[in-house]
2 protein chains.
Amino acid sequence: MVVVDNAPAPNTRPVAPPSTRNPYAPRYSDFLSNISNFKIIESTLREGEQFANAFFDTKTKIAIAKALDAFGVEYIELTSPAASEQSRLDCEAICKLGLRAKILTHIRCHMDDARIAVETGVDGVDVVIGTSSFLREFSHGKDMTYITRTAIEVINFVKSKGIEIRFSSEDSFRSDLVDLLSIYQTVDKIGVNRVGVADTVGCANPRQVYDLVRTLRGVVSCDIEIHLHNDTGCAIANAYTALEAGATHIDTSVLGIGERVGITPLGGLIACLYAADPEYVKSKYNLSMLREIENLVASAVEVAVPFCNPITGYCAFTHKAGIHAKAILNNPSTYEILKPEDFGLTRYVSIGHRLTGWNAVKSRVEQLKLILTDDQIKDATAKIKELADVRTQSMEDVDTVLRVYHSGIHTGKLDVGNKAALDRLLEEHRDQNGSA
Amino acid sequence: MVVVDNAPAPNTRPVAPPSTRNPYAPRYSDFLSNISNFKIIESTLREGEQFANAFFDTKTKIAIAKALDAFGVEYIELTSPAASEQSRLDCEAICKLGLRAKILTHIRCHMDDARIAVETGVDGVDVVIGTSSFLREFSHGKDMTYITRTAIEVINFVKSKGIEIRFSSEDSFRSDLVDLLSIYQTVDKIGVNRVGVADTVGCANPRQVYDLVRTLRGVVSCDIEIHLHNDTGCAIANAYTALEAGATHIDTSVLGIGERVGITPLGGLIACLYAADPEYVKSKYNLSMLREIENLVASAVEVAVPFCNPITGYCAFTHKAGIHAKAILNNPSTYEILKPEDFGLTRYVSIGHRLTGWNAVKSRVEQLKLILTDDQIKDATAKIKELADVRTQSMEDVDTVLRVYHSGIHTGKLDVGNKAALDRLLEEHRDQNGSA
């Protein structure tokens with residue numbers, strides 16, 4: 001078996017030297033991991049329509065679909081054409097746009113819905129049925145035998161039309177594992193393109209996700225899609241972990257909009273995967289469009305982009321504490337794993353507050369082309385901290401202190417440590433120029 | 001060794017019957033897991049002060065500290081008294097409040113800061129120093145020998161004052177593992193109360209967190225604290241995973257405010273841990289205060305609570321799609337793992353949209369005490385979906401359709417499927433009452 005002996009073992013891919021290696025990339029490649037080999041199923045126009053505020057008219061749907069296509073998502077999922085007449089017409093209209101992304105629609109596992117779906121021109125159909133005891137008892141009331149029989153009928157029908165078909169359970173993490181693996185194995189054997197795992201209630205934790213997806217990876221040979229609700233804020237991490245365990249497709253929506261608090265957000269997932277493999281993510285997606293797409297959807301559903309949103313949250317690249325600011329000015333990688341310029345954004349170092357440090361102030365002194373020694377800068381920093389103990393200082397306030405300090409030093413009216421003289425000079429400046 | 005033989009093995013704790021068991025609790029208890037045995041170190045008044053918008057005056061700091069104490073967090077962490085004179089005074093003032101929570105302050109690993117900290121009246125001091133090659137090169141410029149020597153000096157000094165001491169590395173996930181374990185082992189041996197692991201740049205993934213914490217659990221005997229930034233949206237899941245791996249203390253801030261997009265949010269962590277062990281979380285914390293605390297901090301830093309915030313996001317308990325609404329009305333556990341009433345909140349089932357279903361409409365018909373057959377309700381639902389295809393219908397709009405439909409049926413002016421008659425009746429109603 002010479003060939004086998006000479007071939008590199010899958011877990012010993014050469015490692016880049018530490019200086020250039022991304023510290024967040026796995027040290028050795030993981031045989032199952034799809035962190036650098038995944039597809040996004042963007043569901044703003046399906047799951048997102050289930051968000052409390054969402055009402056997308058045809059024009060808005062088309063604008064969102066075009067933007068997502070330009071961003072580069074691989075799939076766009078639409079509301080079931082069986083939901084309403086306009087939903088059906090919109091589905092047909094989006095299929096006719098000629099987008100690069102494949103168009104999917106999402107239906108109940110039912111022949112009535114399937115017959116309508118295949119006539120719309122979609123590239124694929126996503127079917128779903130509740131498999132947990134909760135949903136079997138309180139939702140559709142069907143047993144596993146009925147579910148399996150219906151699934152086979154719908155899958156064979158959709159396949160006969162020559163389009164993609166996915167079969168997903170709903171509430172997968174509260175379903176009986178044996179029932180679940182059994183139905184996935186059955187639909188895999190009849191040639192489904194993907195099976196879907198769904199954390200419909202939004203509470204699976206990362207190790208549960210890893211275990212279920214890894215187990216499933218050993219049972220089916222088709223692709224594995226994962227759909228994760230965000231009720232406990234774990235949907236991004238769970239998506240990442242699912243990819244590590246061998247999932248191939250991740251469901252997202254812009255800003256995560258969907259039922260309740262929604263699902264894995266597109267932007268957050270991109271941040272997480274960019275951190276793991278920036279080159280792969282940059283090669284697939286038009287990252288500088290992210291802010292524009294988020295603004296488009298936020299405006300359509302009348303919400304604000306959260307202040308803490310990964311990448312586009314308004315302070316995502318603002319650095320404040322003195323030790324952070326100092327290090328960032330030396331090398332942005334110290335406190336930034338996302339490069340703002342890759343997303344068409346810029347960083348901001350905040351210095352007018354009581355947590356500021358003299359190194360950050362020194363950088364501003366240099367930007368203003370003022371000539372001060374380190375001791376003088378430390379002295380001016382103490383004044384900035386004192387003022388900021390009363391109220392936050394704007395960049396203009398900080399600049400005023402620095403300019404007055406500089407002028408005092410160079411006219412001989414001030415020396416280091418003379419607090420009274422500095423207060424007097426600042427007061428004179430205020431009298432001449434209004435409140436600083 | 002009869003006693004040992006009779007004792008239950010740690011991983012075979014009896015399992016509750018499936019009907020009552022929380023499906024998200026681990027099936028067998030995990031020997032290392034602290035999911036049901038953890039403490040919160042609430043850092044809104046330290047990490048939170050590093051949020052771009054934050055400026056807390058003394059009165060606001062005291063209000064936040066009191067609210068967190070009433071909520072039940074075990075520790076409250078404050079900005080270093082070395083940061084500014086007012087920071088020192090505020091630290092002293094909060095120590096004098098006589099709160100049940102222990103008061104900590106967070107300082108650089110430096111004797112100058114330590115001497116100031118121990119005089120403020122705090123119950124404990126959290127020291128931190130950068131250990132990654134990034135921070136050693138671009139921030140403080142010190143080597144591991146210097147770091148270790150300083151750490152020992154500071155720890156012994158703080159211990160000599162009889163107060164708690166924690167030693168944390170900074171940027172732990174980009175630090176050399178051997179350096180890291182070596183310094184943790186050293187400080188554990190000299191009697192530090194806790195060691196801290198910090199994902200300062202916010203990009204560790206759950207399996208990395210699990211592996212590092214589990215490894216550390218085998219090296220030190222003291223408590224383990226974890227501090228996780230949220231740049232890629234994984235901070236809640238990472239905190240959960242750290243507890244599974246044996247961490248004992250989790251850092252949070254209200255709404256996650258902190259440097260850049262901040263750290264593990266208190267509310268999100270509570271959602272995640274409540275889902276795993278509701279009784280334990282309810283016994284420790286005053287959950288109905290969560291919304292009030294979030295509003296207090298949001299108002300102090302002038303941000304809006306994100307629409308998608310776990311628990312308190314404004315649609316966290318709103319159900320929309322027809323199949324969700326139907327099942328929720330039968331049994332809320334179908335689509336809710338958090339009980340809104342445990343947080344002093346209520347659920348809302350939205351029905352005036354094109355994704356609505358006749359089961360949800362039937363529930364509204366019953367609330368309105370109207371008498372309609374299932375076929376009549378399905379017919380009225382079709383009209384609601386048709387109207388909602390044009391614009392979202394308010395609950396008042398939906399009620400109007402149902403009342404007009406009901407009156408039409410009972411006066412004999414309408415029968416099932418007669419669209420023209422229903423349109424005429426709705427038009428008459430509009431003429432008499434203004435726009436529906």
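How many bridges pair strand 1 of chain B with strand 8 of chain B, and in which sense do they run? Four bridges join strand 1 and strand 8 of chain B, in the parallel sense. The legends below take this and other views in turn.

This is a predicted model, in which local features need pLDDT of at least 70, side-chain atom pairs count only at pLDDT 80 or more, and totals for chains, interfaces and linings use all residues. Residues are numbered from 1 along each chain as its sequence is written, chains are lettered from A and ligands numbered from 1 in the order in which they are written, and side-chain values use heavy atoms, with hydrogens and water left out.

**View 1. The barrel of chain B.** Eight strands close into a barrel in chain B, in the order 1-2-3-4-5-6-7-8. The pairing is parallel. Neighbouring strands of this sheet are turned by 25 degrees against each other on average, direction ignored. Strands (E, at least two residues) and helices (H or I, at least four residues) are DSSP runs, numbered from the N terminus. Two strands pair if DSSP finds at least two bridges between them.

**View 2. Strand 1 of chain B and its partners.** B:Glu42 stands opposite B:Thr252 in strand 8 of chain B. In strand 2 of chain B, the bridge partner of B:Glu42 is B:Ile76. Strand 2 covers residues 75-78 and pairs with strand 1 of chain B over two bridges, in the parallel sense.

**View 3. Strands 7 and 8 of chain B, with helix 10.** Strand 7 (residues 223-228) and strand 8 (residues 249-252) of chain B are parallel and share two bridges. Here B:Ile226 stands opposite B:Ile250 in strand 8 of chain B. Helix 10 (residues 266-276) of chain B packs on the sheet and touches strand 1 (39-42) and strand 8 of chain B. Its direction makes about 170 degrees with that of strand 1 of chain B. Axes are lines fitted to C-alpha atoms, for helices over the stretch in contact, and angles run from 0 to 180 degrees between N-to-C directions. Contact means heavy atoms within 4.5 Å.

View 4. Chain A has a closed barrel of eight strands, running 1-2-3-4-5-6-7-8 with parallel pairing. Strand 1 (residues 39-42) and strand 8 (residues 249-252) of chain A pair in the parallel sense over four bridges. A:Lys39 stands opposite A:His249 in strand 8 of chain A. Strand 1 of chain A also pairs with strand 2 (residues 75-78) of chain A, over two bridges. There, A:Ile41 stands opposite A:Tyr75.

**View 5. Strands 4 and 5 of chain A under helix 6.** Strand 4 (residues 124-130) and strand 5 (residues 164-170) of chain A run parallel, joined by seven bridges. A:Val128 has A:Ser168 as its bridge partner in strand 5 of chain A. Helix 6 (residues 144-160) of chain A lies across both strands. Helix 6 runs at about 160 degrees to strand 5 of chain A.

**View 6. The axis between the chains.** Chain B can be laid on chain A with an RMSD of 0.0 Å, by a turn of 180 degrees and a shift of 0.0 Å along the axis. That is the relation of a two-fold axis. In chain B, the C-alpha nearest the axis belongs to B:Pro306, 2.5 Å from it. The same surface serves both copies, as 100% of the contact residues of chain B recur in chain A. Copies are superposed by least squares on the C-alpha atoms of residues with pLDDT of at least 70 in both.
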